[in-house]
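The sequence and the structure are shown first.

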Amino acid sequence: MPSTPEAASEGGVDRAGRIPRAAEPPAAARADLIDGLVRGLAVIRAFSDQMPRHTPSTLAARLGFSRAAARRFLVTLRHAGYAAGDGREFWLTPKVLALGQTYLAADRLIRTVQPSLDQLSHRLGESTTFGVLDGDEVVYLCKAQAARLLSTSIGIGTRLPVQCAAAGWAILSTLEPSTFDAWLADHPLKRYTAQTVTGTRAFRTAIRRAAAQGFVLLENQYEIGLRGISVPLRSSRGEVVGAISVSSTLASASTAAAQTKCVPALKATAAELRSRL
């Protein structure tokens with residue numbers, strides 16, 4: 001994420017309505033790149049919910065490394081304290097969290113948004129989040145948890161498909177029609193629950209409705225029983241830097257009651273933050 005408002009579009013949508021992609025390094029600078037560092041970071045990212053442990057063989061197969069190279073990377077991570085092992089399998093240690101924590105502590109946008117999320121969560125008694133686009137996913141950078149409610153599955157660092165996240169819909173709703181059509185053409189809609197919107201026409205209609213009303217309310221799109229309500233967050237220059245959302249269970253309130261309660265507060269918070277971003 002950017003550290004200044006001028007660069008804020010890197011985490012959302014730029015002033016031309018484009019969804020930014022990670023920039024490729026200039027060809028002239030490739031000689032300055034450290035391939036081992038790039039590959040080491042790929043090793044860390046290879047661990048997941050589905051694969052919380054790796055052997056040199058499974059890591060080599062996943063990343064296309066030789067088994068010997070995979071083993072050296074794993075042993076190095078263990079030596080540095082970022083991984084542990086039992087002689088056969090390796091797994092990450094909590095020290096890895098320090099890598100992301102440094103970013104969270106240093107980013108100005110996060111420091112600005114978090115207090116407003118805390119106030120919004122306290123006011124509504126609901127969990128609130130701030131998310132940005134990162135490639136084809138929404139990644140959540142801030143969260144304020146409502147003490148009286150059961151925690152939702154969304155936490156700091158959680159990634160959800162843009163298609164199923166209220167924050168994703170909110171950001172997509174700010175795109176120019178041609179840009180949104182191009183995004184939709186590149187992203188086949190998948191089914192995550194029986195209620196996931198998978199029809200292109202229905203999805204396009206829903207995004208247009210969100211653009212007209214200035215908010216998104218989604219239920220049962222990624223996980224049955226969860227609701228997300230979201231509005232885009234803009235900087236003082238009008239650039240979309242992400243979206244702020246309320247996350248709750250369906251059992252906490254009816255759809256109409258949740259909308260009446262949360263949408264005005266979300267819009268007011270977004271307007272207040274806009275003056276400071």
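In this predicted model, strand β4 (residues 127-134) and strand β9 (residues 240-249) run antiparallel and are joined by five bridges. Within this pairing, Thr129 has Ser245 in β9 as its bridge partner. Both strands belong to an open sheet of six strands, paired in antiparallel fashion in the order β6-β5-β4-β9-β8-β7. The edges are formed by β6 (159-161) and β7, each of which pairs on one side only, and from one strand to the next the twist averages 30°.

Helix α5 (residues 108-124) packs on this sheet, where it touches β4, β5 (137-144), β8 and β9, and its direction makes about 65° with that of β5. Helix α9 (residues 255-274), in turn, lies across β7, β8 and β9 and runs at about 25° to β8.

The loop between β7 (216-219) and β8 (226-234) contains Asn220, which has a positive phi of about 60° although it is not a glycine. Most residues other than glycine have a negative phi. Asn220 counts as buried, because its relative accessibility is 7%, under the limit of 20%.

The structure holds six aromatic pairs, two of which are compared below.

| Pair | Centre to centre | Angle between planes | Class |
|---|---|---|---|
| Phe180 and Trp183 | 6.4 Å | 15° | stacked |
| Tyr192 and Tyr222 | 5.3 Å | 45° | tilted |

Phe180 and Trp183 are three residues apart in helix α7 (residues 177-186), so about one helical turn separates them. Phe180 is buried at 5% relative accessibility, and Trp183 is likewise buried, with a relative accessible area of 7%. These two residues also form one aromatic cluster together with Trp169 and Phe203.

Tyr192 counts as partly exposed at 34% relative accessibility, as does Tyr222 at 37%.

Aromatic rings also meet charged side chains. Arg39 lies over the face of Phe65, at 4.2 Å from the ring centre, while the charged end of Lys95 sits over the ring of Tyr82, 4.8 Å from its centre.

Note on methods: Residues numbered from 1 in each chain as written. Predicted model: local features only at pLDDT ≥ 70, side-chain atom pairs only at ≥ 80, totals over all residues. Heavy atoms only, no water. Helix = DSSP H or I, 4+ residues; strand = E, 2+ residues; numbered from the N terminus. Buried < 20%, exposed > 50% of the residue type's maximum accessible area, 1.4 Å probe, protein only. Pairing = 2+ DSSP bridges. Axes fitted to C-alpha atoms, helices over the stretch in contact; angles between N-to-C directions. Contact = heavy atoms within 4.5 Å. Phe/Tyr/Trp six-rings, centres within 6.5 Å; stacked < 30°, edge-to-face > 60°. Lys NZ or Arg CZ within 6 Å of the ring centre and 35° of its normal.
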